[in-house]
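Biologist: I would like to go through this model slowly and ask, at each step, what stands behind the words we use for it.

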Amino acid sequence: MKCNDFNNKLAFREPLKDVTSEMHQHIETCASCMEAFKKTKALFAFIEEEKQVSVSPYINTRIRVQIENQRTRPKMIRPVFVTVMSVILVILGFFSAELFQNQSNMFDSAEIIASEYYFSDNPGTQLEEIWINTYQDE
Amino acid sequence: MQKVPTDNQLVIQAKKGHTEAFSTLVDRYRQKVFQSAMGFLHNPDDAEDLTQEIFVKAWNALDGFDQRSAFSTWLYRIAVNKAINVIRKNKIRSFIGLNEAGNEPFSTESNAEEAITVKEQKEEIKKAVDQLNNKQKKAFVLFYYQDLNMKEVAEVLGISQKAVESLVFRARKKLQSIVDRK
């Protein structure tokens, strides 16, 4: 028997129960397949061990309590709905932040104009010029 | 002598809202469902929580169960799908660092060194099982942990028997090669 055949056969069988004499003969002469066999056996011993763990007898009560609670409790808002609403709120938050940002810019520019006006050498002339340029054509 | 109700009779009763009937179904299948949960999660506490979730989901979805397949087939389908979802969520949680360190059950090994070796070996096997893809994992757990035959696994997964054979074979080969590499 070749190693590949051995591995294929091993993959089809339960190594704790049914291994053919041909396979036994092979592992006696092949160290790597013997190692693979041991590891596969360990894998199935592990599965057997996990299968032996029993579920708690109280699980039934826990399930009944949860089902009863669901019946009495008003339906919760679905998580998807909550997620969608959160996203919408975040977007709205960005927009409102943007609005305030613009408003503060407006205040800033007004302040700059005012300070330029009051601190310029001849404040009145600027206003006069604007007035003349605007109403000249009328 | 009182006649034992069949699964179908209990399902009809449960659909009418009789929790007693559903409890009888839970009694019948809790160990099997728990075994498959163990196959996916490898931790008794997590497997028990998952078992609870599976039965609650089954109760909530009972109206949609048309009884064309056996109750067990339908229940196992819910179980494997729910288990895969939980694994996915756990992966995300551990990725963002929300999962606590695994709470391993207390070791009964008397020799501390032996206990460490066994623990390491188990960890290797768990990691190897986790490396299977979802389809392989489902087939593997149903076949080896629940002891279903190929036909039953095929019914649960809604695929052909040949496909199940191939999945189980490939899962075994893959596990062998992963465990071998260590």
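Modeller: Gladly, and please keep in mind that this is a predicted model. Let us begin with His42(B), which sits in the loop of chain B between α2 (19-41) and α3 (44-61).

Biologist: Why is His42(B) counted as buried?

Modeller: The relative accessibility of His42(B) is 6%, and buried means under 20% relative accessible area, so His42(B) counts as buried. This residue also has a phi near 60°, which is a positive value in a residue other than glycine.

Biologist: Where does Gln67(B) lie, and why is Gln67(B) called partly exposed?

Modeller: Gln67(B) lies in the loop between α3 and α4 (71-95) of chain B, and its phi, too, is near 60°, a positive value in a residue other than glycine. Its relative accessible area is 23%; because partly exposed covers values between the 20% limit for buried and the 50% limit for exposed, Gln67(B) is called partly exposed.

Biologist: What makes the buried residues of α5(B) line one face of the helix?

Modeller: The buried residues of α5(B) are Ala115(B), Ile125(B), Lys126(B), Ala128(B) and Val129(B). Seen down the helix axis, they fall within an arc of 160°, so they line one face of α5(B). On the other side of α5(B), Ala112(B), Glu113(B) and Lys127(B) are exposed.

Biologist: How does the span of helix α5 of chain B compare with the expected one?

Modeller: Helix α5 (residues 112-130) has 19 residues and reaches 27 Å from its first C-alpha to its last, which is close to the 27 Å expected at 1.5 Å a residue.

Notes:
Residues are numbered from 1 along each chain as its sequence is written. Chains are lettered from A and ligands numbered from 1 in the order in which they are written. This is a predicted model: local features need pLDDT of at least 70, side-chain atom pairs count only at pLDDT 80 or more; totals for chains, interfaces and linings use all residues. Side-chain values use heavy atoms; hydrogens and water are left out. Helices (H or I, at least four residues) and strands (E, at least two) are DSSP runs, numbered from the N terminus. Buried means under 20% relative accessible area, exposed over 50%, partly exposed in between (1.4 Å probe, protein chains only). The expected span of a helix is 1.5 Å times one less than its number of residues. The arc is that of the directions from the helix axis to the C-beta atoms.
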